[in-house]
2 protein chains.
Amino acid sequence: MPAYKTPLRDLQFVLHEVLDSTTHYAAIGADDASTDMIDAIIIEAGKFCEEVLSPLNSVGDIEGCVYQDGTVTTPTGFPAAYQQWVENGWPSLAQPVEFGGQGLPASIGSVVSELISEANWSWGMYPGLSHGAMNTIEIHGTEEQKATYLTQLVSGAWTGTMCLTEPHCGSDLGTLKAKAELNADGSYAITGTKIFISSGEHDMAENIVHIVLARLPGAPEGTKGLSLFIVPKFLPDQSRNEVRCGAIEHKMGIHGNATCVMNFDGATGFLVGPEHAGLRCMFTFMNFARLGTAMQGVASAELSFQGALTYARERLAMRSLTGAKAPDLAADPIIVHPDVRRMLLTQKAFAEGGRMMLHDAGFMVDRVKQGATEAIRDDANELLSFITPIAKAFLTEVGTEAANHGVQIYGGHGFIREWGMEQIVRDNRISQLYEGTTGIQALDLLGRKVLMTQGDSLKRFTKLIHKLCQEMDGNSELQPLVEQLQAANKEWGDVTLQIGMKAMQNREEVGGAAVDYLMYSGYVMLAYYWLRMAQTAQAALATDTDERDFYLAKISTAQFYFARILPRTLSHKAMMLAGVDSIMALDESHFAF
Amino acid sequence: MPAYKTPLRDLQFVLHEVLDSTTHYAAIGADDASTDMIDAIIIEAGKFCEEVLSPLNSVGDIEGCVYQDGTVTTPTGFPAAYQQWVENGWPSLAQPVEFGGQGLPASIGSVVSELISEANWSWGMYPGLSHGAMNTIEIHGTEEQKATYLTQLVSGAWTGTMCLTEPHCGSDLGTLKAKAELNADGSYAITGTKIFISSGEHDMAENIVHIVLARLPGAPEGTKGLSLFIVPKFLPDQSRNEVRCGAIEHKMGIHGNATCVMNFDGATGFLVGPEHAGLRCMFTFMNFARLGTAMQGVASAELSFQGALTYARERLAMRSLTGAKAPDLAADPIIVHPDVRRMLLTQKAFAEGGRMMLHDAGFMVDRVKQGATEAIRDDANELLSFITPIAKAFLTEVGTEAANHGVQIYGGHGFIREWGMEQIVRDNRISQLYEGTTGIQALDLLGRKVLMTQGDSLKRFTKLIHKLCQEMDGNSELQPLVEQLQAANKEWGDVTLQIGMKAMQNREEVGGAAVDYLMYSGYVMLAYYWLRMAQTAQAALATDTDERDFYLAKISTAQFYFARILPRTLSHKAMMLAGVDSIMALDESHFAF
């Protein structure tokens, strides 16, 4: 596997140039987050990712985790790397000062997350899963719970999990069965089986704090009867709690992360948040968790692009159709071939465009948490809730596509483990499933976010696009792109209206159109981010820059995106508007004979 | 993994009803291939596939092959299954009578291949790879070579391989280095290293016959200096030849098949065919081999569809958007949800449509080999050479898509090994790479087949479509489909012309458009096959049939295909016509900074 390289220059471009980090951090009262400080963090975290985490990526894949009698041994080097990560204080970077954190904005935590995700996604899930637990306890926990658990999670001494899924239910949490019964001391006895618990058991930290969704006696049926509980592996009195790992899954990918079956056998738990409000409490940070998963798609695209680019420059095969480009060699490097370039540019457009989208979302998270006025916070929150399902589903879908292009560029070698390209496909595949499948995200977007707000949430975003296009109108070089985006933006509203009308006649139309609608939305949204990047690059080129090639590459990639990727909206539009009849016609018993 | 079920009824529909097998076999002088006989073969071979091969599919994946000191041990049960297969005479089914075969037409061999491919692709590659060796020796071998090798290959006592790829070259065979030097006895000493040799070493048969591409001393450079050699593992005098397996690859999938590094260390080889004509000799059956790989895509779609359909009927999650469909259960089976149906129908459309396409191609192979007149043979050959790159690349691409839908329908469980769905994704991924990548097939289609014949090969196929549409014109129920296909057919010619014009200005346009052109062509071609199936189904419905549901399902699936899949051509058209400029603009050194 080619060595991972921190995309420093690209992150600087996104954060400082396109998103104007200085103004942003000043506006949220985080003036200490200077350009220099951010760069230093990227360089330092990147060094760890390149030198420590990246080499462990294939180790984790090959060794996997080992389960024995309730314990899980993580791959060689994983615990030591985690120890080093904790000792250097990284877990507390963007956590509240009052619980031992360094108090930097969430967006800076996201930048560091990107690097970890690219270097070693499986390893990153051990510290990563703590975020759900930290957020739950920070927002809904008592002061005592914060003192007991949050400080240890912030330092990284302990890690956390989220225990939702059960064998019979994943997307449909309303039917979950784990139960919680009040003990005499005010704690609860938690009983049930949870599956697919990432980082549920491991040997990397001294304690694991499970946040468990369970049902109190007499609770309402469905999702309105669920409550949240803190269930630590070791109780505050150091005794071993009755929560044990019963098995780990054998999976397609992310072998380095333990996916656990967790058995709660009257385990002691502590209610967090109000009774029966478990799902609502979880929704308060669901957006952030989903953006974290979206990052896996971007990371996969970036890592696969890095590997494929190296190979495409070195591997020799055939001559360019327009004559030898490397006549001294036995054949031309395959990067001369248009189809190889098409695949590389597709990876590049998804990696860099996705990065742009996610760090813009990261800045929105900052504004939700620290915006100066309620109006700013609300606006950011509304925008974020619209972007989230698109980012999660679209970026993980195109992440898998990009990873597959990486395999394809390697030819037969792409299928072989030692090159590392096929691992990215296998690892990324889960991102389209967990934290809500693509189908679930699509229903959330079209049903809940767009149609239930009568299109208001969509308009909030299309206004941004409209504003950009107006700003850039008359820009001779980028004018074709501006016009293409303007047309797509108008069409986005039009197709939404059409589906809304259909849905009034037949609610199934929402389900039938949802995934095409989401992908359509993703391609338009990414076009917006590529045009913003082109705009920034163009402005830089008008100055006396010595980085002309860098900025020209941005414009060139934007042009590629508009010419060769954005037209995918044509098919998605036609398919979603074709309606649901042909999908619903066939009787369930007639699918096969 | 759900048990594999032979798609008997569907094969009967394709072979007997749509393709009119009785007329076909009579026309090629194979009157003994009656409907009853074909059905009996499908049932008998299907029973073996269901009972013996299918249970070994996950065994092969989990155990893989084991390499030690030059030997390869295949997974538990693989050799015994092969023994049983040979004892029952299956290898000789469609081989020439004069070499011990049963002399049935090639198309019947393809039908049996489909079943094996669906039940256990990795296992099927051991007998499957013999076909290349058999074809080579049958067409180009001396009588002595046929007597020595072909009879043993036909019976299945021995298996074969094709040794082409070397570490530095796969697609670009012109640069290969293996050398062949004349020995005093007229044999040759073969020296070199071949990689990615499927079934190169194993414990299933007593001898392995390698067909090796190598270069004679003083041979011309490039592909015109390659010759073919027979290099058996054991020589006719029983002595062990100096061809040995040096290692096996660790791969993303097809773990049950040994992918070998083969070292030839002065191994004794026998020239087959003329000197320096190796590549030309191989091209004589390249089409058949590529159709065999196309089968993997169809098989993956079918197997994944079977698994996903079972799960979608059983798994409960949420309620239908239009109210509970199974009010007595805790939730509705997920097959009620439009997006699940969309994915299932997509799998079904690819599996059944791909089956139709491939068995039509199988009948063309029969006509190439046994057509009554030269005109018939030539026409079939031309058609086949046009269809082959489309079938190979398009069907394997959509096979991977279908397999991924299967994973997606299972949600998180799809990522877990025990359900068997992720294995199909991993196994099928190689089909887009070997026997010529998708990119190579696309260049073959657009460059060699279409543009180099001035569009003649395309016209041969669009005429078939035109004829079908004329036949069906005025068909009130299917008229919208007929018109949609008619329009697509005309557009296919138009876009070809436009790309041809562009290519005259800039040859890179061919490479830049090729993959989009191939996928575009695949979707139109599949629409043709779905309309043919709808036509046949409609005719059956006009009779007093007691299988109304079966035929209605065909029409319903055709309608789904036209509404929800065929519109993918819109994007491919726009992207290929957008041209190559945005692909070629970026300097190689500016892809990353």
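The model is predicted.

## Chain B against chain A

The interface draws 102 residues from chain B and 101 residues from chain A. Together the two chains bury about 8400 Å². Carbon and sulfur atoms give 62% of that area. On the chain B side, the residues that lose the most area to chain A are B:Phe415, B:Arg564 and B:Phe591. Together they make up 11% of what that side buries.

Polar links also cross this interface. There are 45 residue pairs in polar contact between chain B and chain A, both residues of each pair being at pLDDT 80 or more. Helix α16 of chain B, residues 548–564, supplies nine residues to the side that touches chain A. That is the largest share of that side. By class, the chain B side has 48 nonpolar, 29 polar and 25 charged residues.

Four salt bridges span the two chains. One pair is B:Glu588 with A:Arg313, at 3.8 Å from N to O.

## Domains of chain A

Chain A is divided into domain 1, residues 281–443, and domain 2, residues 453–590. Their centres, taken over C-alpha atoms, are 17 Å apart. Domain 1 of chain A brings 30 residues to the contact, and domain 2 of chain A brings 28 residues.

The two domains bury about 2500 Å² between them. Carbon and sulfur atoms carry 78% of this area. Three residues of domain 1 stand out: A:Met356, A:Phe386 and A:Phe394. They supply 23% of the area that domain 1 of chain A buries against domain 2 of chain A, more than any other three residues.

Five residue pairs are in polar contact across the domain interface, with both residues at pLDDT 80 or more. Three helices of chain A each supply at least two residues of the domain 1 side: α10 (338–370), α11 (374–409) and α13 (438–451). The largest share, 13 residues, comes from α10(A). By class, the domain 1 side holds 16 nonpolar, six polar and eight charged residues.

The domain interface has four salt bridges. A:Arg568 pairs with A:Glu401 in a salt bridge.

An unreviewed UniProt entry lists residues 162–265 of chain A as "domain: Acyl-CoA oxidase/dehydrogenase middle". This span is 0% helix and 44% strand. Its end C-alpha atoms lie 17 Å apart.

## Salt bridges

Over all chains, the whole structure has 56 salt bridges.

| Pair | N to O distance |
|---|---|
| B:Glu588 and A:Arg313 | 3.8 Å |
| A:Arg568 and A:Glu401 | 2.7 Å |
| A:Arg426 and A:Asp61 | 2.8 Å |

Which parts of the chain does the pair A:Arg426 and A:Asp61 link? The side chains of A:Arg426 and A:Asp61 meet in a salt bridge. This pair links distant parts of the chain, 365 residues apart. A:Arg426 sits in helix α12 of chain A, residues 421–429. A:Asp61 sits in helix α4 of chain A, residues 55–63.

Technical notes:
Residues are numbered from 1 along each chain as its sequence is written. Chains are lettered from A and ligands numbered from 1 in the order in which they are written. This is a predicted model: local features need pLDDT of at least 70, side-chain atom pairs count only at pLDDT 80 or more; totals for chains, interfaces and linings use all residues. Side-chain values use heavy atoms; hydrogens and water are left out. Contact means heavy atoms within 4.5 Å. Buried area is the accessible area (1.4 Å probe) that two parts lose on being put together, summed over both. A polar contact is a pair of N or O atoms within 3.5 Å; within protein, one must be able to donate a hydrogen and the other to accept it, and residues adjacent in sequence count only if both atoms are side-chain atoms. Helices (H or I, at least four residues) and strands (E, at least two) are DSSP runs, numbered from the N terminus. Ala, Val, Leu, Ile, Met, Phe, Trp, Tyr, Cys and Pro count as nonpolar, Asp, Glu, Lys and Arg as charged, and the others, Gly among them, as polar. UniProt positions are given in the numbering used here, feature names are shortened, and annotations may be inferred rather than shown by experiment. Domain bounds come from an automatic or database domain assignment.
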